[in-house]
Amino acid sequence: WIHGGGYVSGSPASPWYDGRAFNRDGVVTVTISYRLGFDGFGWIDGAPQNRGVLDWIAALKWVRANIAAFGGAPEDVTLAGQSAGGGAVLALLALPAAQGLFHRALSISGALADIPAERARATSQRLAAELGVAPTRDGFASAPEKAIQKHQVAAAQSPGVTGIAALRLALADSVPYGPVIDGELITHGTVDALATGIGAGTPLLLGSTDDEFAMILDRARNTLRFVPAGLALRLLAPEIAERRAYLRANDDLRGSAAILGRYISDHVFRALVVRVAEARGQSPTWAYRFTWVSPTHGLSLHCLDVPFWFDCLDAQGVTALAGDAPPQALADALHGTAASWVRDGDPGWPAWSSRPGSTRIFGAEASTPDVSPDGYASVRALLEPASGQRGDHLGLEQLDT
């Protein structure tokens, strides 16, 4: 299991990642650490790049060499993660150096980075200038670790860009840190690499919640009541054809806040599900959606599904997102799917690769399996006019806590 946190925060020690329910069901669970932020992913001349990615690979090699001593099967490893961790799963699935180290993949609300080397170098230069050191291994080694952590996110942002312009840039420009297309370990963007057939033999299960990032508009909800949805969407989608197509595809949503929240969630997470599934072609791929709405937030928001996947609804902090009585039946369904996927490689519904669009819906009626023939149809308005890969992301380091 690879934890989330926008590639700059998070910990495998979260009580939400306790593997006791998986252990109960015959699955050995390993949660891993990796270097975060600039330490893990910043460009440093004189040091290996993508150190966080190398940590993921090292963990998988450790599992292969040692897991039999813990009752595990080194020839039957499932790699899973949520948010940045889900993005890590996809990055490793598309990475030649990681092939053969795992045999099945589960990407939950995956968020890609795919940071260009030029941008990584520019961030490094800005951070070095802020710290008053040379942008080299020796220079950064001379700076206090807390100082690097204090300035690392600001250094990754474009100077002088604020307000709506900053939000648009965040949608287009990815997370501040994460896997870098360095030309050596990583030579292509993740979706492009998957489209070439890398990882084709590894079964993949992926999906997202419906309202991943809609909560970032909570403070603006009252103001947005007075703004027509089309006008509000213009703030983030300047192209009129895209706006009109998106509004038509999401005409079930009411209010500008709902439209903008879904648009942000689609850009960051939900459209990626379709891009990855379609890039893999006939490679075995299954998709799901988590649609159950939090009683405390009124949204199917980011991280809400994690304690359901791990069947740990009694864990610390769950009630803040899932209320006082989260449905155990939904945890049984979601965790049961994960356990079945790890043990048998069959989540229990038709694969996207055999029936394009096929999506399992995990909602309030968990006892009755619901499979949509095109579960992500509403995001296609974002994909049809676009070309190439987009590793969109926004502020995960503030949400995966």
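**Exercise 1. Find the residues that ring pairs link into a cluster with Trp-1, then classify the pair of Tyr-17 and Phe-310.**

*Solution.* Start with the cluster: in this predicted model, ring pairs join Trp-1, Tyr-17, Phe-22 and Phe-310. The count of aromatic pairs comes to 20.

Now take the pair itself. The ring centres of Tyr-17 and Phe-310 are 6.0 Å apart and the planes stand at 45°. Planes under 30 degrees apart would count as stacked and over 60 as edge-to-face, so this pair is tilted.

Tyr-17 sits in the segment before helix 1 (20-24), and Phe-310 in the loop between helix 14 (306-309) and helix 15 (318-322), so the pair ties together parts that are 293 residues apart in sequence. Both Tyr-17 and Phe-310 are buried.

**Exercise 2. Locate the arginines that lie over the faces of Trp-43 and Phe-362.**

*Solution.* Then turn to Phe-362, whose face has Arg-360 over it at 4.2 Å from the ring centre.

**Exercise 3. Describe how helix 12 (residues 240-249) packs with helix 13.**

*Solution.* Two packed helices are described by the angle between their axes and the distance between the axes. For helix 12 and helix 13 the angle is about 105° and the axes are 12 Å apart. Since 65 to 115 degrees counts as roughly perpendicular, the two helices are therefore roughly perpendicular to each other.

Now list the contact: helix 12 contributes Glu-242, Tyr-246 and Leu-247, while helix 13 contributes Ile-259, Arg-262, Tyr-263, Asp-266 and His-267. Sorted by type, the contact residues give 4 nonpolar, 1 polar and 3 charged.

**Exercise 4. How many residues of helix 4 (residues 84-93) are buried, and what do they pack against?**

*Solution.* Helix 4 is mostly covered, with 10 of its 10 residues buried; among them are Gly-85, Val-89 and Leu-93. These buried residues pack against helix 3, strand 1 (78-82), strand 2, helix 9 (190-195), strand 5 (204-209) and helix 13 (256-279).

Methods: Residues are numbered from 1 along each chain as its sequence is written. This is a predicted model: local features need pLDDT of at least 70, side-chain atom pairs count only at pLDDT 80 or more; totals for chains, interfaces and linings use all residues. Side-chain values use heavy atoms; hydrogens and water are left out. Buried means under 20% relative accessible area, exposed over 50%, partly exposed in between (1.4 Å probe, protein chains only). Helices (H or I, at least four residues) and strands (E, at least two) are DSSP runs, numbered from the N terminus. Contact means heavy atoms within 4.5 Å. Axes are lines fitted to C-alpha atoms, for helices over the stretch in contact, and angles run from 0 to 180 degrees between N-to-C directions. Angles under 35 degrees count as roughly parallel, over 145 as roughly antiparallel, 65 to 115 as roughly perpendicular and the rest as oblique. Ala, Val, Leu, Ile, Met, Phe, Trp, Tyr, Cys and Pro count as nonpolar, Asp, Glu, Lys and Arg as charged, and the others, Gly among them, as polar. Rings of Phe, Tyr and Trp (its six-membered ring) pair if their centres lie within 6.5 Å; planes under 30 degrees apart count as stacked, over 60 as edge-to-face and the rest as tilted. A charge sits over a ring if NZ of Lys or CZ of Arg is within 6 Å of the ring centre and within 35 degrees of the ring normal.
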